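Subject: Handover of a structure, with findings

Dear colleague,

Please find below the structure that I am handing over to you. I would ask you to look at it first and then to read the findings that follow.

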Amino acid sequence: MILDRFRLDGQVALVTGGTKGIGRAISMALAEGGADIAVVSRTPNPELESAVAALGRKYYYHRADLIDRSQTKEVIPEILKTMGKVNILVNNAGIISRAPAADFSENDWDATLEIDLTAAFILSQAAGRQMIHMGRGKIINIASVLSFQGGVNAVAYASAKHGIAGLTKALSNEWAQKGVNVNAIAPGYITTELIAALQNDPDRSEAILKRIPAGRWGDPRDIAGAALFLASSASDYVNGTVLSVDGGWMAW
Ligand SMILES: NC(=O)c1ccc[n+]([C@@H]2O[C@H](COP(=O)([O-])OP(=O)(O)OC[C@H]3O[C@@H](n4cnc5c(N)ncnc54)[C@H](OP(=O)(O)O)[C@@H]3O)[C@@H](O)[C@H]2O)c1
């Protein structure tokens with residue numbers, strides 16, 4: 001049955017930044033699909049822990065600040081120790097700093113590249129080794145429409161997210177034949193804390209909304225279906241793709 005191919009029973013999914021926004025919606029979708037969930041962020045979310053437990057799934061929270069590479073390197077060994085394996089890795093944690101490129105600080109550049117791109121590589125490499133050993137695995141990187149476009153006042157973010165598209169394709173080229181599917185989701189404008197500043201700016205908010213063919217902002221749950229698909233065996237022949245989930249933004 002085709003719906004059975006979307007089930008994740010017995011699998012362990014690690015979602016970085018899984019506590020809120022898009023990551024929370026993905027964590028819940030994967031738990032509803034049957035996976036046990038490990039989440040990494042700086043701040044725990046007890047409400048999510050209860051919601052996952054209510055579905056009868058295991059939940060493990062690991063506090064780490066992905067700006068600190070030594071903490072990033074501890075993540076996969078820690079999850080392997082506590083959960084035994086990682087079948088699905090979702091590199092979702094991300095930040096954005098907004099400033100004109102001429103004034104953009106080196107600190108903000110370094111922080112954005114470290115969290116949004118380098119951490120995804122470090123975690124993919126460590127999880128990928130173990131997935132290659134198992135002969136199977138799913139890596140989902142959260143990209144952006146700024147994986148394709150330059151955006152405005154977000155030079156580090158656009159650079160990191162273009163990098164995420166490249167990372168996705170490069171890893172896919174090496175690992176597809178080893179049973180590891182590496183793909184990305186490029187969300188459009190999704191209502192979370194990350195874009196609160198844009199939504200609170202009346203001019204930018206109106207301009208963006210007008211340009212979204214679907215005529216509305218996205219909800220984190222709009223990303224959940226694509227994540228479940230890419231995490232499941234329903235997507236076993238999907239490799240190296242960057243899937244836009246953006247209300248039609250990239251088609252405009
Ligand atoms: N919202 C959008 O419109 C949109 C569009 C395209 C792409 N995206 C991408 O979607 C992903 C999720 O964004 P979101 O909109 O859901 O943002 P969000 O609501 O701000 O959530 C970000 C998540 O990342 C975690 N995080 C941030 N910095 C971290 C750090 N240094 N170490 C560990 N975890 C960290 C946060 O937890 P803590 O703060 O507790 O650490 C939180 O769980 C990001 O990669 C973002 O670039 C979002």
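Met250 counts as partly exposed, because 16 other C-beta atoms lie within 10 Å of its own, which is between the limit of 12 or fewer for an exposed residue and that of 20 or more for a buried one. Please note that this is a predicted model. Met250 is located in the segment after β7 (242-245). Apart from neighbours within four places in sequence, Met250 is in contact with Val145, Phe148 and Ser244. Between Met250 and Ile212 there are 38 residues of separation in sequence, yet their C-alpha atoms are 9.0 Å apart in space.

The chain as a whole

The protein chain contains eight helices and seven strands. The C-alpha trace spans about 50 × 40 × 40 Å along its principal axes. A compact globule of 252 residues would have a radius of gyration near 18 Å, and the 17 Å of this chain agrees with that. Buried residues account for 44% of the 252 residues. Of the contacts with a separation of 6 or more, 71% are between residues 24 or more positions apart.

The nonpolar core

The largest nonpolar core holds 69 residues, and those that touch the most other members are Ala13, Leu14, Ile26, Leu30, Ile185, Ile223 and Ala227. Helix α5 (residues 155-175) contributes the most to this core, namely 10 residues.

Which residues does Ile185 touch, not counting those up to four places away in sequence? They are Ile140, Ile142, Ala143, Ile223, Ala226, Ala227, Leu230, Leu243 and Val245. One of these partners, Ile142, lies in strand β5. Ile142 is buried, with 26 other C-beta atoms within 10 Å. Once neighbours within four places in sequence are set aside, the contacts of Ile142 are Ile22, Asn91, Asn92, Gly94, Ile185 and Pro187. Ile142 and Arg129 are 13 residues apart along the chain, and 20 Å separates their C-alpha atoms.

Helix α8

Is helix α8 (residues 221-231) enclosed or open? Eight of its 11 residues are buried, so α8 is largely enclosed by the rest of the structure. The buried residues are Asp222, Ile223, Ala224, Ala226, Ala227, Leu228, Leu230 and Ala231. Among the elements that cover them are β1 (12-16), α1, β4 (88-91), β5 (137-142), β6 (180-187) and β7.

Pairs of packed helices

Two packed helices are described by the angle between their axes and the distance between the axes.

The axes of α1 and α8 cross at roughly 50° and come within 8 Å. At this angle α1 is oblique to α8. The crossing of these two helices, α1 and α8, is right-handed. On the α1 side the contact is made by Ile22, Ala25, Ile26, Ala29 and Leu30, and on the α8 side by Arg221, Ile223, Ala224, Ala227, Leu228 and Ala231.

Helix α1 (residues 21-32) also packs with helix α2 (residues 46-54): their axes cross at roughly 15° and come within 10 Å. This makes α1 roughly parallel to α2, because angles under 35 degrees are classed in that way. The crossing of α1 and α2 is right-handed. Arg24, Ser27, Met28 and Ala31 of α1 form the contact with Leu48, Ala51 and Val52 of α2.

Helix α4 (residues 106-134) and α5 pack at an angle of about 15°, and their axes are 9 Å apart. The two helices α4 and α5 are therefore roughly parallel to each other. The crossing of α4 and α5 is right-handed. The α4 residues that make this contact include Trp109, Leu113, Leu117 and Phe121, while those of α5 include Tyr157, Ile164, Leu167 and Trp175.

A backbone detail

Most residues other than glycine have a negative phi. Asn153 is not a glycine, yet has a positive phi of about 60°. Asn153 is in the loop between β5 and α5. With 15 C-beta neighbours inside 10 Å, Asn153 counts as partly exposed.

Yours sincerely

Technical notes
Residues numbered from 1 in each chain as written. Predicted model: local features only at pLDDT ≥ 70, side-chain atom pairs only at ≥ 80, totals over all residues. Core = buried A, V, L, I, M, F, W, Y, C linked by C-beta atoms within 7 Å. Helix = DSSP H or I, 4+ residues; strand = E, 2+ residues; numbered from the N terminus. Contact = placed C-beta atoms within 7 Å. Rg over C-alpha atoms; globule rule 2.2 N^0.38 Å. Axes fitted to C-alpha atoms, helices over the stretch in contact; angles between N-to-C directions. Parallel < 35°, antiparallel > 145°, perpendicular 65-115°, else oblique. Left-handed = near helix turned anticlockwise from the far one by under 90°.
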